[in-house]
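Visitor: Please take one residue of this protein and look at its surroundings closely, setting out the criteria behind each term as you go.

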Amino acid sequence: MRPTRRQLLGVTLGGVVAAGIGLPAAAADQEALVRSRIRPPRFRDAWFPITAYGATPDDATAGIAAAVSACHHAGGGHVVVPPGVWQTGAINLLSHVDLHLEEGATLRFSTDPAAYLPVVRTRWQSVEVYNYSSLIRAEGQTDIGITGKGVLDGAGDNEHWWYLIGSGQYGWHSGLPNQRADWGELERMNNEQVPVEQRVFGAGHYLRPSFIQPFRCQNVLIEGVTVKDSPMWTIHPLECRNVTVRGVTVSNLGPNGDGCNPESCTDVLIRDCTFATHDDCIAIKSGRDADGRRLGLPSRGIIVEDCTFLSGGAAVAVGSEMSGGVEDVFVRRLHAPADPAADEAYLQWVLCVKSTSTRGGHVHNVDVRDVDSRAWMYRPLEVTFSYQGGGDQSLFPDVRGIRFDRVRVARAERAYRIVGAETKHITSVAITDSRFDEVAAEAVVQYADDVTIRNVRIGQT
């Protein structure tokens with residue numbers, strides 16, 4: 001894959017090149033304001049070993065629940081999981097409790113769906129529903145943590161959870177159940193705005209749970225742990241405020257195995273994390289179609305920095321479920337190392353803003369800078385309104401203020417693709433001070449206004 005010629009681009013497509021391209025003052029002020037609001041919770045210096053509450057390696061569920069309750073009622077502290085492999089079902093965290101996994105500790109979660117009942121209110125692919133609990137959940141709590149150097153093992157594989165997507169790639173075959181009918185029914189309920197209380201799935205249904213889901217919580221810390229093999233989305237903060245995900249390793253090659261999906265959250269920091277996923281590494285969401293527009297809960301104030309991406313769809317995606325809106329996303333210092341053994345794309349995008357004609361909503365102020373990618377990728381930057389889906393052709397989102405600065409990509413199918421719709425243009429995009437060394441096809445800009453391409457090199461001699 002060699003470029004046919006060297007391209008030195010200093011022109012504007014659909015707009016005027018600004019005299020100087022940097023982070024606008026208002027955006028810089030907004031980033032500083034977001035940073036000032038993000039403060040991880042602190043926990044009382046009190047320790048509650050799960051072994052003191054009856055946990056055994058063969059069944060730690062009740063012992064963990066008792067330790068969490070005791071810690072909470074004592075005023076908070078750390079629930080300690082010691083070294084060893086501990087089998088457990090669902091864990092529910094309470095305010096002021098840090099679930100702390102010591103080095104050498106593994107919490108291995110049950111693959112029995114009954115372990116995640118009764119059903120709870122959640123979102124499944126960003127649609128409101130009553131479904132299985134996440135493997136670790138907290139609802140309406142303040143100051144919660146999951147920390148340490150241990151491992152959280154969701155035990156997903158082609159024999160457990162993953163096959164429910166209905167694909168032979170993940171072990172499904174004729175005679176096995178799958179999620180297709182349930183997902184179709186839930187989409188119908190969303191489109192028709194059936195009351196959420198009537199959208200009850202769970203037992204007898206096949207919508208896989210996510211792994212970690214703080215729901216309507218404030219002051220959340222997830223730090224240091226390795227999280228692997230989730231049934232579906234891995235870390236899914238939902239309707240939360242002040243979330244820090246720091247120093248976490250996510251390994252999840254299953255279907256819909258996103259790494260971290262903040263949804264309808266305000267003030268989120270994802271820092272110094274490593275992702276090896278099959279789907280998007282980080283995906284910022286805010287509800288799907290009618291539900292997202294009805295709730296009107298945007299994700300805003302999201303900072304991603306100093307993260308490493310080993311495999312996945314997008315390093316950072318916005319959408320496609322973003323009908324509640326996404327605002328003020330700041331992405332800094334990303335690294336995607338090369339794998340000499342890889343013979344195909346294993347990281348598809350640095351940034352992908354993806355939506356459809358059914359979503360509505362908006363994406364405002366997404367700023368990406370200082371990226372070094374030696375991995376082969378599909379399109380480092382893509383903004384698209386044709387990700388998937390049909391239906392109403394008039395509900396395109398309002399996308400504006402996308403900046404891509406100081407990005408280096410070694411190899412790509414094309415450097416960028418920015419395509420709006422004839423009836424809804426993308427506005428205010430800047431790609432500056434960047435280089436894309438080897439590309440196979442021309443960059444594309446369509447239905448976009450005020451697009452600035454400045455000091456960008458595509459291809460090399």
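**Around threonine 234**

Guide: The side chain of threonine 234 comes to 2.8 Å from the backbone oxygen of aspartate 258, a polar contact being a pair of N or O atoms within 3.5 Å, where within protein one must be able to donate a hydrogen and the other to accept it, and residues adjacent in sequence count only if both atoms are side-chain atoms. This is a predicted model, in which local features need pLDDT of at least 70 and side-chain atom pairs count only at pLDDT 80 or more, while totals for chains, interfaces and linings use all residues. Residues are numbered from 1 along each chain as its sequence is written, and side-chain values use heavy atoms, with hydrogens and water left out.

Threonine 234 lies in the loop between strand S16 (226-228) and strand S17 (241-246), strands being DSSP runs of E of at least two residues, numbered from the N terminus. Threonine 234 is buried, with a relative accessible area of 1%, where buried means under 20% (1.4 Å probe, protein chains only). Leaving aside neighbours within four places in sequence, its contacts (heavy atoms within 4.5 Å) are Phe211, Ile212, Val227, Val250, Asn252, Gly257, Asp258 and Gly259. Aspartate 289, by comparison, is 55 residues from threonine 234 in sequence and 22 Å from it in space, C-alpha to C-alpha.

Terms used:
Helices (H or I, at least four residues) and strands (E, at least two) are DSSP runs, numbered from the N terminus. Buried means under 20% relative accessible area, exposed over 50%, partly exposed in between (1.4 Å probe, protein chains only).
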